[in-house]
Amino acid sequence: MIDALEQAEAAVAACFDAATWAASEHDLVVALDAAHRLEQRVAAVKLALVREVDGRGIAAAQGASSTVVWLRERLRLDGGAARRLVGLAASVDAAPCGVRAALAGGSVTVEQARVIAETVETVQAAAGVEVADKAVGVLLDWAGQFDATLLRRMGARILDHVAPEVADAAAEAALRAQEARAARDRQVTVSEQSDGRLRLSGILDAEAAAVLRAAIDPLTAPAGPDDTRSPGQRRHDALADICRLALRTGDLPENGGDPAQIVVTTNYDSLTRQLGAGALDTGPHLTPDTVRRLACDAAVLPAILDGTGQPLDLGRQRRLITGPLRRALILRDRGCAFPGCDRPPRWCDAHHIHHWADGGPTTLTNAVLLCGHHHRHLHHTDWNVRLTADGHPEFIPPTWLDPTHIPRRNHYHRRT
């Protein structure tokens with residue numbers, strides 16, 4: 001085997017040095033097909049070797065804690081790739097002979113072989129060995145037309161083709177098993193980091209996943225041409241917006257007799273002069289800019305302290321722009337007022353144009369609706385907002401975006 005692999009390696013090395021630019025279009029396509037078949041055959045050999053190494057316990061004999069760890073060090077793989085390699089080797093080893101032969105012949109990929117093996121195992125459990133043998137032939141034919149993802153999707157209904165008399169019952173049993181697994185595996189983990197951030201991870205069942213997507217997807221689109229957030233950052237901000245909306249409803253269960261709320265504590269001088277920092281009631285500290293932004297809206301309770309640490313003012317929930325004043329603001333702006341933003345009023349904060357900590361009044365002429373993203377954007381960039389003679393907000397872009405500072409309006413909510 002070693003001699004054959006060394007000869008194959010030398011042959012492949014010779015191909016690498018070939019002048020592909022001189023090949024015809026037909027020869028390029030034929031060579032690509034051949035290289036792909038060779039890749040699958042080599043992968044089949046590699047998986048067989050991994051399975052044998054694992055079965056013999058070579059990793060433990062050489063001092064490694066597992067075959068995955070041994071492969072990670074030996075082949076310089078990351079942990080995920082090493083685990084996947086061991087799992088693939090086990091799947092292929094347990095696959096029917098026809099599947100292993102197809103993989104060795106280069107007619108199916110490693111991922112296709114794994115899908116076929118797992119599908120056939122399910123069919124055998126539901127309908128017996130004879131039906132499973134028929135399923136192998138059908139799946140191998142499909143593998144010549146479809147990739148692994150489509151093959152798995154089609155394989156979910158393979159019994160419709162090979163054993164229609166038991167297909168419905170098997171599908172129902174599989175669905176019940178799937179729902180049971182989903183209910184068992186559902187979980188969300190919230191891990192607090194040393195700097196106050198949280199690491200969020202988990203698995204949602206199908207129903208919760210659909211609800212989350214329905215809530216979060218409309219909020220993950222870019223908020224305008226100057227929205228430079230990555231998709232992951234937009235999902236983060238959308239999740240925060242959903243939580244703020246839940247806080248605004250006032251329908252959350254009480255915690256110790258008080259409605260769910262966030263408290264930010266800061267010194268009055270720090271807030272007015274934008275010095276120092278604030279602290280959440282859960283411990284982490286925030287920059288003055290963030291505290292001033294949070295103090296704009298009712299999602300938080302700003303607890304303002306004097307120089308001796310005594311409370312000067314503990315804001316009430318939605319104390320700034322509430323009731324008739326907020327309704328008037330919604331009637332005027334109809335949603336986030338930032339140019340190009342389509343966020344509706346329920347997703348918006350009420351922002352003081354002239355900050356209340358600087359003496360700005362709580363009036364309609366000193367307020368503007370902003371979604372969470374543009375509220376942060378306005379507080380941390382050089383954009384400015386003002387009301388015009390007709391009583392509607394307009395935004396002045398920073399110099400880097402428009403040296404002429406031509407004011408911009410949101411025409412999405414008011415098209416005429």
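Is R343 buried or exposed at 6% relative accessibility? R343 counts as buried at that value, where buried means under 20% relative accessible area, exposed over 50% and partly exposed in between, computed with a 1.4 Å probe on protein chains only.

This is a predicted model, in which local features need pLDDT of at least 70 and side-chain atom pairs count only at pLDDT 80 or more, while totals for chains, interfaces and linings use all residues. Residues are numbered from 1 along each chain as its sequence is written, and side-chain values use heavy atoms, with hydrogens and water left out.

The structure holds 14 salt bridges, a salt bridge being a side-chain nitrogen of Lys or Arg within 4 Å of a carboxyl oxygen of Asp or Glu. Among them are the following pairs.

| Salt bridge | N to O distance |
|---|---|
| R152 and E118 | 3.1 Å |
| R332 and D333 | 2.8 Å |
| D342 and R343 | 3.2 Å |

In the pair of D342 and R343, the partner D342 has 37% relative accessibility and counts as partly exposed. Salt bridges that share partners also join D227, R229, D237 and R376 into one network.

The salt bridge of R152 and E118 links helix α9 (residues 148–155), where R152 lies, to helix α7 (residues 110–127), which holds E118, so the pair ties together parts that are 34 residues apart in sequence; helices here are DSSP runs of H or I with at least four residues, numbered from the N terminus. R152 is partly exposed, with a relative accessible area of 40%, and E118 is likewise partly exposed, at 27% relative accessibility. In the pair of R332 and D333, by contrast, both R332 and D333 are buried.

Terms used:
Helices (H or I, at least four residues) and strands (E, at least two) are DSSP runs, numbered from the N terminus.
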